[in-house]
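Subject: Structure for your review

Dear colleague,

My notes on it follow.

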Amino acid sequence: MKPALKKAYLWLVFTFLYAPILVLVVFSFNASKSRASWEGLSLRWYIELFQDKAIMTALANTVIIAVVSAVAAAIVGTVAAVGIHNLKGWKKSFIMNVTYLPVLNPDIVIGISMMLLFIVVSFPRGLASLIIAHITFGLPYVVISVLPKLAQLDPQIFDAALDLGATPREAYMQVILPQIMPGVFTGFLLAFTMSVDDFVVSFFVTGNGVANLAISIYSMARRGINPKINAVLTLLFAAVAAMMYLIQKRMGKGVAKGAAEELR
């Protein structure tokens with residue numbers, strides 16, 4: 001395939017992917033409530049959005065769930081990654097395959113499974129169940145982000161810290177953790193982004209009166225397209241895009257640093 005055709009194909013793919021989002025962003029600044037007419041640029045729908053108590057409550061729930069679940073997933077996932085890294089042979093392969101399952105599984109499978117689990121154990125569905133579910137599907141992303149950083153470490157660095165008088169806890173906290181922190185931070189950002197973006201799992205595990213932003217948007221869309229939906233989705237897209245930029249930047253620095261170390 002000629003370079004010109006490759007570029008044309010690439011631009012065609014990006015057009016199909018982002019043209020609908022571009023239309024959504026443009027109409028979020030339309031002064032008119034109707035999508036059939038353009039009455040000029042306006043921040044009307046953004047102002048009304050921030051005056052909508054239901055959406056603001058859903059936004060607060062989304063931030064709380066995302067931050068708490070991402071922090072918990074980062075802590076538990078880092079400890080799990082250290083444990084997996086120290087395994088050998090078939091045990092490590094088996095645990096890694098189990099870790100990848102939530103990433104490969106459709107969201108609806110995870111959502112229904114978590115819902116049935118909460119029903120069986122009589123766990124009340126609400127904010128707590130949402131946080132637990134988001135921790136569950138965020139964990140694999142942290143493990144996957146931290147393991148490459150552990151693989152880059154000198155295998156003797158932990159033993160060297162012990163020989164210098166550090167306790168095992170001090171060796172991990174003061175020697176190992178600072179060196180794998182970029183991977184931990186990347187995993188945190190991935191878990192946070194996945195939490196903010198999730199609808200399917202949240203829909204199945206939430207309870208009455210508790211909704212995140214994705215569920216609120218779905219409820220609003222069922223009653224008709226409200227221009228405030230365009231505004232909130234534009235802000236959501238911008239937030240996720242910013243998160244993905246940070247993730248890519250962190251991963252790029254990690255790859256560059258690893259390449260530099262290899263050249264040495």
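In this predicted model, a salt bridge joins the side chains of Arg44 and Glu48, at 3.2 Å from N to O. The two residues sit 4 residues apart in helix α2 (residues 44–51), about one turn of the helix. In general, an α-helix has 3.6 residues a turn, so residues three or four places apart point the same way. Both partners are partly exposed: Arg44 has a relative accessibility of 35%, and Glu48 has a relative accessible area of 29%.

The whole structure contains 2 salt bridges. Asp52 and Lys228 form such a contact through their side chains, at 2.9 Å from N to O. Asp52 belongs to the loop between α2 and α3 (53–85), whereas Lys228 belongs to helix α11, so this pair ties together parts that are 176 residues apart in sequence. Asp52 and Lys228 are both buried.

As to the overall fold, the chain has 11 helices and 0 strands. Of its 264 residues, 35% are buried. The C-alpha atoms occupy a box of roughly 70 × 60 × 35 Å along the principal axes.

Helix α8 (residues 168–197) deserves a separate remark. Its end C-alpha atoms span only 38 Å, while a straight helix of 30 residues would span 44 Å at 1.5 Å a residue. Within α8 there is a kink of about 60° at Leu177, shortly before the proline Pro178.

Turning to the aromatic residues, the structure holds 8 aromatic pairs. In one of them, the ring centres of Phe203 and Phe204 are 5.7 Å apart and the planes stand at 85°, so the pair is edge-to-face. Phe203 and Phe204 also belong to one aromatic cluster with Phe199 and Tyr218. Phe203 itself is partly exposed, with a relative accessible area of 40%.

The surface carries a nonpolar patch of about 850 Å², made by Tyr9, Leu10, Trp11, Val13, Phe14, Leu17, Tyr18 and Phe237. Helix α1 (residues 3–27) gives the most to this patch, with 7 residues. Phe237, by contrast, is placed in helix α11 (residues 227–263). With a relative accessible area of 35%, Phe237 counts as partly exposed.

Ser122 lies in the loop between α5 (107–120) and α6 (127–152). The phi angle of Ser122 is near 55°, a positive value in a residue other than glycine. Ser122 is exposed, because its relative accessible area is 61% and the cut-off for exposed is over 50%.

Ala161, for its part, is found in helix α7 (residues 157–163). Ala161 is buried, because its relative accessible area is 9% and buried means under 20%. Ala161 and His134 are 27 residues apart along the chain, and their C-alpha atoms are separated by 36 Å.

Yours sincerely,

A colleague

Note on methods: Residues numbered from 1 in each chain as written. Predicted model: local features only at pLDDT ≥ 70, side-chain atom pairs only at ≥ 80, totals over all residues. Heavy atoms only, no water. Patch = residues over 30% accessible without salt bridge, like charges linked within 9 Å, V, L, I, M, F, W, Y side chains within 5 Å. Areas by Shrake-Rupley, 256 points an atom, 1.4 Å probe, with all protein chains shown as cover. Salt bridge = Lys/Arg side-chain N within 4 Å of Asp/Glu carboxyl O. Buried < 20%, exposed > 50% of the residue type's maximum accessible area, 1.4 Å probe, protein only. Phe/Tyr/Trp six-rings, centres within 6.5 Å; stacked < 30°, edge-to-face > 60°. Expected span 1.5 Å × (residues − 1). Bend = angle between axes of the 7 residues up to and from the residue.
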